[in-house]
Amino acid sequence: MAEEPEDVLRRGLGNLQAAEFLYESRLFPDLEYTFRHALTQEVAYQSLLAARRQALHGAAGRALESLYAARLEQAYDRLAYHYSKTDNASKAVEYLTRFAEKAAGMYAHAEAVRALEEALVHAERLPIEERDRRLLEVVLRRAESLHFLGRRQEILDLLLKQQQRLERLGDLSLAGQYYFWLGFAHAFLGHRAEAAQSLGRSLEEATQSGDEALMGRVHRALC
């Protein structure tokens, strides 16, 4: 990222350490530095022009992709952070979603919901040809984590706003998932007629797309 010769970089880091702005936080397997005070870090960060900050975040993202190429999942949190600070909406959505999936897999659903909420903001900036699909994918993942947090009314509010986009896209697989979570939320809220209607629609879409796993989930929910 520094785009400087190794000796110049090391000398600069040494000067910052001597001035007590940085300290060595780890020696092995790689040398790492940390700011001594969060305020120093914040002042240094805010002193950069917005375009320069974006460029550095993008460079950090690319460096992490290179360093962790064989084990990207270990860096999803940092990749999501850095790309969310750039104008690269596609990468921001990708890594925020991956981070959310990883968090949800460890039952950290509140963290997953926050990441997916941010992903939705970036998805709105995607090129129009991919915007609808990515938005719906993020919304459906968010609905799943909201379910495990017991926030079913939020699921209804979230999904109903996307109904026109879903119909416009005409994707059987996404439609099956959409109506499943819509029906499941209705069921938990005691809206039995609405639940049966949405789950029935989900079963139709899942059958047409050949999604047997979803068909099983829908049958269980209908029962």
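Helix α3 (residues 50–67) and helix α4 cross at roughly 155°, and their axes come within 8 Å; axes here are lines fitted to C-alpha atoms, for helices over the stretch in contact, with angles running from 0 to 180 degrees between N-to-C directions. The pair is therefore roughly antiparallel, a label for angles over 145 degrees, where under 35 is roughly parallel, 65 to 115 roughly perpendicular and the rest oblique. This is a predicted model, in which local features need pLDDT of at least 70 and side-chain atom pairs count only at pLDDT 80 or more, while totals for chains, interfaces and linings use all residues. Residues are numbered from 1 along each chain as its sequence is written, and side-chain values use heavy atoms, with hydrogens and water left out.

**Helix α3 against α4**

- The crossing of α3 and α4 is left-handed, meaning that the near helix is turned anticlockwise from the far one by less than a right angle (clockwise would be right-handed).
- From α3, the contact (heavy atoms within 4.5 Å) draws on His-57, Gly-58, Ala-60, Gly-61, Arg-62, Leu-64 and Glu-65, and from α4 on Arg-78, Leu-79, Tyr-81, His-82 and Tyr-83.
- Five of these residues are nonpolar, four polar and three charged; Ala, Val, Leu, Ile, Met, Phe, Trp, Tyr, Cys and Pro count as nonpolar, Asp, Glu, Lys and Arg as charged, and the others, Gly among them, as polar.
- Ala-50 also belongs to α3, and Ala-50 is partly exposed at 48% relative accessible area (buried is under 20%, exposed over 50%, partly exposed in between, with a 1.4 Å probe and protein chains only).
- The C-alpha atoms of Ala-50 and Ala-63 are 20 Å apart, for 13 residues along the chain.

**Helix α4 against α5**

- Helix α4 (residues 76–83) packs on helix α5 (residues 89–105) at an angle of about 150°, with the axes 8 Å apart.
- Here too you will find a left-handed crossing, as α4 passes α5.
- Tyr-76, Asp-77, Leu-79, Ala-80 and Tyr-83 of α4 meet Lys-91, Ala-92, Tyr-95, Leu-96, Arg-98, Phe-99 and Lys-102 of α5.
- The contact of α4 with α5 comprises eight nonpolar and four charged residues, with no polar ones.

**The overall fold**

- The protein has 12 helices and two strands, as DSSP runs numbered from the N terminus (helices are H or I with at least four residues, strands E with at least two).
- Along the sequence, the order is α-β-β-α-α-α-α-α-α-α-α-α-α-α.
- With a radius of gyration of 22 Å, well over the 17 Å that the globule rule gives for 223 residues, the protein is more spread out than a compact globule; the radius is taken over C-alpha atoms, and the rule is 2.2 Å times the number of residues to the power 0.38.
- Along the principal axes, the C-alpha atoms fill a box of roughly 70 × 35 × 30 Å.
- Of the 223 residues, 36% are buried.
- Among contacts with a separation of 6 or more, 44% link residues 24 or more positions apart.

**Residues worth a look**

- Arg-142 sits in helix α7 (residues 128–148) and is buried, with 11% relative accessible area.
- Leaving aside residues up to four places away in sequence, Arg-142 touches Val-113, Leu-116, Glu-117, Leu-120 and Leu-158.
- The Phe-28 to Pro-29 peptide bond is cis, with omega near 0°, and Pro-29 lies in the loop between β1 (22–26) and β2 (32–35).
- Glu-3, in the segment before α1 (6–18), has a positive phi of about 55° although it is not a glycine, and Glu-3 is exposed at 80% relative accessible area.
- Glu-20, in the loop between α1 and β1, has a positive phi near 65° and counts as exposed at 54% relative accessibility.
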